[in-house]
Structures are given as structure tokens and as C-alpha cells.
Amino acid sequence: MKFLGKAFLILVFIFLFIPFLFSTSFKFQFLSPEFWIDSFRAGGVYPKLEKVLKNGLQMQVKEGKTSAQEAKIWTGVLSSGTLQDFIEKNLKLSLDFTTGKEKEQKFYIPFDKLPKGLVPAELAGSLGNEISPEQFSKLLGPQAGQTQIQNQNFTRAGKNAFVSWGVSLVVLLGVLLLMYLVTDAGKRLTTPGIGLILSSLLTLALSALGTLWGRVVAQEMLANEAEPAAQLLGTLGPPIILPMFALWRNIALGALVLGIALLFVKKPVSLP
């Protein structure tokens, strides 16, 4: 019966380990503008994105969805430098607001780089490059703005990420403590050790598969010029997935070393 209880705790620990990794990535990677900026730069995203978007414009011209003149105008706008400026500044504005570093939501719109006539001169002239959701709504229509509820949910994302990460960590450590408590005094800490080893091996396997996808499958998607959506995924996916799985791999290696060490450690015997 005690064996079944230990096996159950090991399974629970493995089941909770992956959500803990996701919450760790969300808290310390996905909510950090530096993570996105550094990942996109290291992955050479902007030149690839420029190629993908221009290819999409050419396809729309061939299908008659866009005129050649419009495509030519937007081709001049969609340069890697303009894309980098637009994406990085909006990432920082949005994530700083989400994490509470900024109290007001802003959007960055480089009016000086947009085609003439796209934005009414009187409207563009009255706005700076950083505009509020209300101004953004006036610019592109009410459907583009954020409702108050959406705005509140956006601001809660940073707090919720910290809470979910903290809860997942506490629960994981709690299960690890239970595995320690069910171990008889004087016995080796095999139960928590096995839990850590199996969790780390599963994580290493997932990391290897994710890295393989990021380096092989994504390249095939990027080469598929007939599917702009696949090209877009192949462009944006690897720079985000590879650092995420690298973090998971480092955590798994630490857990693996700790798990192996626990196999050789005995639970202290309480003195009478």
C-alpha cells in the first residue's frame, strides 16, 4: 500500500513539473520585452519577415486581391528596419504595461514611415508616434480599440503570471516534501529522487523534440513559399521556442543531478 502511495506521488510530481516549466517561461521569458527583442535579433527574424510579407503581397497581386501600385507602396514600407522598429517598440510598450512598469497602455505607430494618404494629415499631425487605445480606435475604427474589460485583463496578466508561477512552485515543493515524509527514517530518498529523475528525463525529451522542430521542420515551413502562414510560423516560431526549451533543458539538468544525488542520501534517523 505504501508503495502505491509513493508511486502516486511520483506521478503527481511528474504531472505538475511540466506546468511549472510553462509558468516559469511565461513569467521570466514571455513577459520580458528583452527576451523577445534579443530572441528576434539573434534569430534574424526581421530580414526573414520582410521576405515573407513581400512574398505575401506578390501573391495577393497575382490573385488580384491587391493592385500592383498598392503592393509597390507597401513593399517600400515593409523593410526589415521599419519592422524591427515597429515590433520592438510595441513589444516593450505592451509588456511594460502588462507587468505594471507603465501605468498607461500605448501603441507605437511610425506615422512618418507610413504611405502618404493612408492616415488623414490632420489626424496624423495631431498625434505623436505613441498613441493611446482611444486614439488607436479613432485611427482604425472602434473594432481596433480595447474595451475597459480587455484593458483590465491585460493589466492582470503580469500579476496572474507571478501568482501562477508561485503556486506551481509551492505545490511542486509540497509534493516533494510529501515524498520525503513518506520515506522511512534511515532509508535512501529514492522516492523524491525518482520523481526528479523521471521529470527531468521527460523534460529533456520534450526539449529535444522541440529543438528538432525549431531547427528542421521550421526550415521546411520557411521554404514553403506557397503558404505565407507556414512561412510566418517558420519565421517567428524558432526564435521563441529554442530559448524556451533551452531554459527547460537547464532546469531539467539541475533536477536530474539533484535526483541522482538523492538516491545516495539517507533520511536522518530521529534520536530517541
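Colleague: Happy to look at this one with you. Before we start, what is pLDDT?

Modeller: Glad to have you here! This is a predicted model, and such a model carries a score for each residue, running from 0 to 100. pLDDT is the predictor's confidence in each residue.

Colleague: Thanks. In which helix of the protein chain is confidence lowest, and in which is confidence highest?

Modeller: Across the protein chain the mean pLDDT is 84, with 86% of the residues at 70 or more. Confidence is lowest in helix H6, residues 121-126, at a mean of 57. At the other end, confidence is highest, at 95, in residues 33-42, which form helix H2.

Colleague: Good to know. What pattern does the protein chain follow along the sequence?

Modeller: The protein chain contains ten helices and two strands. Reading along the sequence gives the order α-α-α-α-α-β-α-β-α-α-α-α.

Colleague: And what share of contacts with a separation of 6 or more comes from residues 24 or more positions apart?

Modeller: For context, the protein chain has 272 residues, and 39% of them count as buried. Among contacts with a separation of 6 or more, the share from residues 24 or more positions apart is 76%.

Colleague: Let's turn to H3 and H10. Are they roughly parallel or roughly antiparallel to each other?

Modeller: The axes of H3 (residues 45-62) and H10 (residues 228-262) come within 10 Å and cross at roughly 170°. Angles over 145 degrees count as roughly antiparallel. H3 and H10 are therefore roughly antiparallel.

Colleague: How many nonpolar, polar and charged residues make up that contact of H3 with H10?

Modeller: On the H3 side, the contact is made by Val45, Lys48, Leu49, Val52, Asn55, Gly56 and Met59. H10 brings Pro228, Gln231, Leu232, Thr235, Leu236 and Pro239. By class, that comes to eight nonpolar, four polar and one charged.

Colleague: Staying with H3, what covers its buried residues?

Modeller: H3 has 18 residues and spans 26 Å from first to last C-alpha, close to the expected 26 Å. Its buried residues are Val45, Tyr46, Leu49, Glu50, Val52, Asn55, Gly56 and Leu57. The cover over these buried residues includes H2, H4, H5, H9 and H10.

Colleague: Which glycine takes a positive phi just after H3?

Modeller: The phi in question is about 80°. The residue, just after H3, is glycine 64.

Colleague: Now helix H1. Is phenylalanine 17 buried or exposed, and which residues is it in contact with, leaving aside neighbours within four places in sequence?

Modeller: Phenylalanine 17 lies in helix H1. Buried means under 20% relative accessible area, and phenylalanine 17, at 4%, counts as buried. The C-alpha atoms of phenylalanine 17 and leucine 202 are 9.6 Å apart, although 185 residues separate them along the chain. Leaving aside neighbours within four places in sequence, the contacts of phenylalanine 17 are Leu172, Ser199, Thr203, Ile251 and Ala255.

Colleague: Which residues is serine 23 in contact with, leaving aside neighbours within four places in sequence?

Modeller: Serine 23 has its place in helix H1 too. Its relative accessible area is 8%, so serine 23 is buried. Beyond neighbours within four places in sequence, serine 23 is in contact with Ser164, Trp165 and Ser168.

Colleague: One last stop: how far apart in space are leucine 93 and phenylalanine 107, C-alpha to C-alpha?

Modeller: Leucine 93 is found in helix H5 and counts as buried at 16% relative accessibility. Its contacts, leaving aside neighbours within four places in sequence, include Phe107 and Glu130. Leucine 93 and phenylalanine 107 are 14 residues apart in sequence, and their C-alpha separation is 6.8 Å.

Definitions and conventions
Residues are numbered from 1 along each chain as its sequence is written. This is a predicted model: local features need pLDDT of at least 70, side-chain atom pairs count only at pLDDT 80 or more; totals for chains, interfaces and linings use all residues. Side-chain values use heavy atoms; hydrogens and water are left out. Helices (H or I, at least four residues) and strands (E, at least two) are DSSP runs, numbered from the N terminus. Axes are lines fitted to C-alpha atoms, for helices over the stretch in contact, and angles run from 0 to 180 degrees between N-to-C directions. Angles under 35 degrees count as roughly parallel, over 145 as roughly antiparallel, 65 to 115 as roughly perpendicular and the rest as oblique. Contact means heavy atoms within 4.5 Å. Ala, Val, Leu, Ile, Met, Phe, Trp, Tyr, Cys and Pro count as nonpolar, Asp, Glu, Lys and Arg as charged, and the others, Gly among them, as polar. Buried means under 20% relative accessible area, exposed over 50%, partly exposed in between (1.4 Å probe, protein chains only). The expected span of a helix is 1.5 Å times one less than its number of residues.
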